[in-house]
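Please find below a note on the model under review.

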Amino acid sequence: MGGKRPLGVGLLSGGLDSILAFRILQEQDIELLAVSFTTPFFEATRAIKAAEMLGVPIIVLDITEEYLEMLKAPKYGYGSQMNPCIDCHALMFRKAGRIMEEKGGDFLFSGEVLDERPFSQRRWALKAVEKLSGYEGYILRPLSAKLLPETIPEKEGKVDRERLLDLRGRSRKRQMELAERFGIKEYPSPAGGCRLTEPGFATRLKDLMENEEVLRVRDIELLKVGRHFRLAHGAKAIVGRNRFENEKLLNMVDRAQDVLIRVVGHKGPLTLVPRGVTVSKDRLLTAARICVRYSDAPKDGPVKVALNLPGSVEYVEARAASEEELDELRVAHKEG
Ligand code: SF4
């Protein structure tokens, strides 16, 4: 009577496509295990929720270190922003593949749909992901399987190809119908969840990568807070936009290296210069002037500003930066 059930290890992002891929396979006699990942750019929260809904176990891996290494020079480049989707998928499958091997699993799968995304889901891209991951032939895409070459688990009869789908293209109509059929009511929008696809964040990240020799996790976390100004190669100023962000900056400060700037005697933002101890006095003065600009201090004359250096405080007189100066230094996404 029935031997061991095949085991499929699937990438679960928590988006509808990935949920559907699991649901489709749940209709067959297959054991499923979900894998999801965290980096400074995306989390596994939605995936954990989805796994619970699907009733499948989930393993969450923090892949930050390898991810940052890959992000510097992805073999297949970036999508419309800083999203290296092909290399990203390949890395995820490589990680999931290790788990598959450890658990004695039979195949990998994901919710990718042929031609749904212009960059990463073309036929050649799906093939490239397989090759780069090191698991060629073992990656099943249940939603488009009938349009793709037969995989090893299908050939071995572990997965019934006839019960897989032939979805293709950008229309979400059939996914919606399937969601209805499976009673899936809650799922996030398809684009959400990855900061690398957000134009504003991508612009800041690009600036960071062009101006820092080393890509540090804290610098990436700082990209999520405040207004950013590029003072010089290796030097930037980050200005809190509200009390919440000021507190956040305060919590992220590295007291041994950073310089924190505040206007004295007037309400205003915190301005953080990461690794400010290595930044020239001139640049710190520019940061002080930006800080004055966003404070309640009068803009028609110099005001007193405190530069909190590691172990000491220096006071300087600074005038508010002009709009032109701000425009020139601001790290911001420009439309069009
Ligand atoms: S959108 Fe982000 S998480 Fe998704 S494949 Fe692309 S880079 Fe990876």
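1. Six residues of domain 1 meet domain 2: 6 residues of domain 1 are in contact with 9 residues of domain 2, contact being defined by C-beta atoms, placed from the backbone, that lie within 7 Å. By class, the side of domain 1 that touches domain 2 has 3 nonpolar, 2 polar and 1 charged residues. Here Ala, Val, Leu, Ile, Met, Phe, Trp, Tyr, Cys and Pro count as nonpolar, Asp, Glu, Lys and Arg as charged, and the others, Gly among them, as polar.

2. This is a predicted model, in which local features need pLDDT of at least 70, side-chain atom pairs count only at pLDDT 80 or more, and totals for chains, interfaces and linings use all residues. Residues are numbered from 1 along each chain as its sequence is written.

3. The domain assignment divides the chain into domain 1 (7-193) and domain 2 (198-329); such bounds come from an automatic or database domain assignment. The centres of the two domains, taken over C-alpha atoms, are 40 Å apart. Along the principal axes, the C-alpha atoms of the chain fill a box of roughly 85 × 35 × 35 Å.

4. The chain contains 12 helices and 11 strands, these being DSSP runs numbered from the N terminus (helices H or I, at least four residues; strands E, at least two). Of its 336 residues, 41% count as buried. A residue is buried if 20 or more other C-beta atoms lie within 10 Å of its own, exposed if 12 or fewer, and partly exposed in between, with C-beta atoms placed from the backbone.

5. An open sheet is formed by 5 strands in the order S3-S2-S1-S4-S5, with parallel pairing; two strands pair if DSSP finds at least two bridges between them. Strand S3 (58-62) and S5 stand at the edges with a single partner strand each, so one side of each has no neighbour in the sheet. Within the sheet, S1 and S4 pair in the parallel sense over 3 bridges, and glycine 8 stands opposite phenylalanine 107 in S4.

6. Helix H4 (residues 85-103) has 19 residues and should span 27 Å at 1.5 Å a residue; its end C-alpha atoms are 27 Å apart, which agrees. The expected span is 1.5 Å times one less than the number of residues. Buried residues of H4 include Cys85, Cys88, His89, Phe93 and Met100. Among the elements that cover the buried residues of H4 are strand S1 (7-11), strand S2 (31-38), helix H3 (64-72) and helix H5 (123-133). Just after H4, glycine 104 takes a positive phi of about 70°.

7. Which residues are around the ligand? They are Phe42, Asn83, Pro84, Cys85, Cys88, His89, Cys194, Leu196 and Thr197, where near means a C-beta atom, placed from the backbone, within 6 Å of the molecule. By class, this shell has 6 nonpolar, 3 polar and no charged residues.

8. Most residues other than glycine have a negative phi. Aspartate 115, however, has a positive phi of about 65°; its place is in the loop between S4 and H5, and it is partly exposed, with 16 other C-beta atoms within 10 Å. Arginine 275 also has a positive phi, near 50°. Arginine 275 lies in the loop between strand S9 (271-273) and helix H11 (281-293) and is partly exposed, with 17 other C-beta atoms within 10 Å.

Note on methods. Contact = placed C-beta atoms within 7 Å.
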